[in-house]
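Subject: Structure handover

Hello,

Here is the structure for you to look over. My notes follow below it.

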Amino acid sequence: FKPRAVRRRRAPTPSDLEMAGHTMDSTATNKWAGVIIASLLASASLGAALDAWLRRRQRRDGANAQQVERRPVFWSLLLLTSSYVFLIPGLVVTIFECDLSLSFFGIVKPLSSSSEDALGLVRGLSKEAPWGAAFLCLFAMVVPAVKVVLLILGACLQRGGSAAHVRWARRCIVSVQVVSKWASPDMFVYILMLWLFRNLNKPPSLLSEMQLGLGFTCFSAFSVGSTIASLGIRTPSLPEEAQDASAHVEKTGAVPMPSVMPASRWGRMAEVAVVDLAVGFAVLLCIGVTLPCMELHLDMNLLYVAQPALKELSFIIDSLGLPDLMHTQVSVLDTIQHTCAWALEGDVNAGIAFLMYTVLVVLFPILDMLLLLVLAAISLHSAKSSQVSKSQQTLRAISHVLRKVGMLDVSLMGVFVVVLSMTTSRKDGVILSMSGGALALLGAEVCHYLTAFLVGVLLRRHASSSTQHDKAASDDRKVLESVSTDLESSHSGSSSSDGASSGDDSWEDVEVGSLPVNVLQSGFEVRA
């Protein structure tokens, strides 16, 4: 045993520091944030290695397709489990700390100071901004719970075995994949507020600082990890007796659609619309990224009401130009640039913020739009083809993944929620409002959704025409085989009854009216 004076103590955990009533410094936050990210990557890597080993074993044992399909995807399962482990810490550990103070003649007067976790923020907003509390509770608590319920329900329905049970299981899993990203709108708001509050720091008159805590790290790990993991969950295929029209609709999206206009005219209109929407998306995205999407300013009258002691010093405050110091704007481009700079300085949470905004909000929607343009071009230029190429199916699958992981729409919802929630700070004179950049980004996302819908219609028409062409060819082959069989039987009957009749005379007994109508309409000639 070591003497008490030199005995080492256990390093404090995040929960120890929270229960002690104080928060961690940046070094401890970075250390634990790195541990969280490493644990997610390790769980996904372990699951991927286990999947690779099982695939080799099944290939060696000669497993059939049904056995391969029933095997769980372990990288998705382990990543989803480890993501949900960080959900509770993401709700109870401090998400952010911010301080705003006014300094003049060596006197520091605090204007605003807060340290919030998700549950505390919901409790604080429930009285003063109930709509903001409702939205925050919906995204941060209800959506994760609904995802778990749908996954459990889907797993139970798969064991039913019937076509109806399997179909509902597919719907549950697809619903989880669609709603998974909607658990994280507030994360993007905290990223924007990080740059907004740090931009307010204008010493020596105005002092402002904001730090993202481990609650942000944990909830971001949960949001991104569970969203990616949900895409790896294998959707069950329908039983053999139900794999007629339903299987074709769910696999290729080919739904028979009435043709309300000529195909050439529809193709030209669709091509023009897709190009126009793509140009609109590019223009609005550039405007929305560069223009401010949130604005913060100070109302002096409300500030004096909330802080009566400052009223006596109004002549000094006015001489400092406090309203100009308190006025700041935040844009997506500025946020990306500064979070990158802070990440290079060693701030792990700033690195997470940089990747989330750069990759999920900006890059993935751009890549999805490019893929949609390629799909539209392939669909229009291969309209005469009767087959849907494998490359087209692969591009469409990648586009679906990018659309489910891309979070431009989620970040815009977060801006709306925080502006609604920060109405409580108006009584203190601090006013947060939405700016034109958010509206431009909203327009870009509308163009994105419309393009995806229009390209989906083009692909369904192409797949539907391909299906109808194959079906018509198959019907023609069956009809010709049937006619040939009937003619041969008629010829053999005529030969047996008439004796030595010539081949041409025996075919004369076949009436044209007895032939199927679709054969006559197809222009086929039946000859002896």
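A salt bridge here is a side-chain nitrogen of Lys or Arg within 4 Å of a carboxyl oxygen of Asp or Glu. The model is a predicted one: local features need pLDDT of at least 70, side-chain atom pairs count only at pLDDT 80 or more, and totals for chains, interfaces and linings use all residues. Residues are numbered from 1 along each chain as its sequence is written, and side-chain values use heavy atoms, with hydrogens and water left out.

Salt bridges

The structure holds four salt bridges. One of them pairs the side chains of lysine 181 and aspartate 409, at 3.2 Å from N to O. This pair links distant parts of the chain, 228 residues apart. Lysine 181 sits in the loop between α8 and α9, and aspartate 409 in helix α20. Helices (H or I, at least four residues) and strands (E, at least two) are DSSP runs, numbered from the N terminus.

The sheet

Three strands form an open sheet in the order β5-β4-β6, with antiparallel pairing. Two strands pair if DSSP finds at least two bridges between them. The edges are β5 (328-331) and β6 (430-434), each pairing on one side only. From one strand to the next, the twist averages 20°. Strand β4 (residues 292-298) is joined to β6 by five bridges. Leucine 296 has leucine 432 in β6 as its bridge partner.

Helices across the sheet

Helix α9 (residues 185-199) lies across β4, β5 and β6, at about 150° to β5. Helix α20 (residues 408-421) lies across β4 and β6, at about 150° to β6. Axes are lines fitted to C-alpha atoms, for helices over the stretch in contact; angles run from 0 to 180 degrees between N-to-C directions.

The axes of α9 and α20 come within 7 Å and cross at roughly 70°. That makes α9 roughly perpendicular to α20 (65 to 115 degrees; under 35 is roughly parallel, over 145 roughly antiparallel, the rest oblique). In α9, Pro185, Phe188, Val189, Leu192 and Met193 meet Val410, Ser411, Met413, Gly414, Val415 and Val418 in α20. Contact means heavy atoms within 4.5 Å. By class, this contact has nine nonpolar, two polar and no charged residues. Ala, Val, Leu, Ile, Met, Phe, Trp, Tyr, Cys and Pro count as nonpolar, Asp, Glu, Lys and Arg as charged, and the others, Gly among them, as polar.

The α7 and α8 pair

Helix α7 (residues 130-158) packs on helix α8 (residues 163-179) at about 155°, with the axes 8 Å apart. The two are therefore roughly antiparallel. Their contact divides into twelve nonpolar, four polar and one charged residue.

A cis peptide

Proline 203 and proline 204 are joined by a cis peptide bond, with omega about 5°. Proline 204 lies in the loop between α9 and β3 (206-212). Most peptide bonds are trans.

Best wishes
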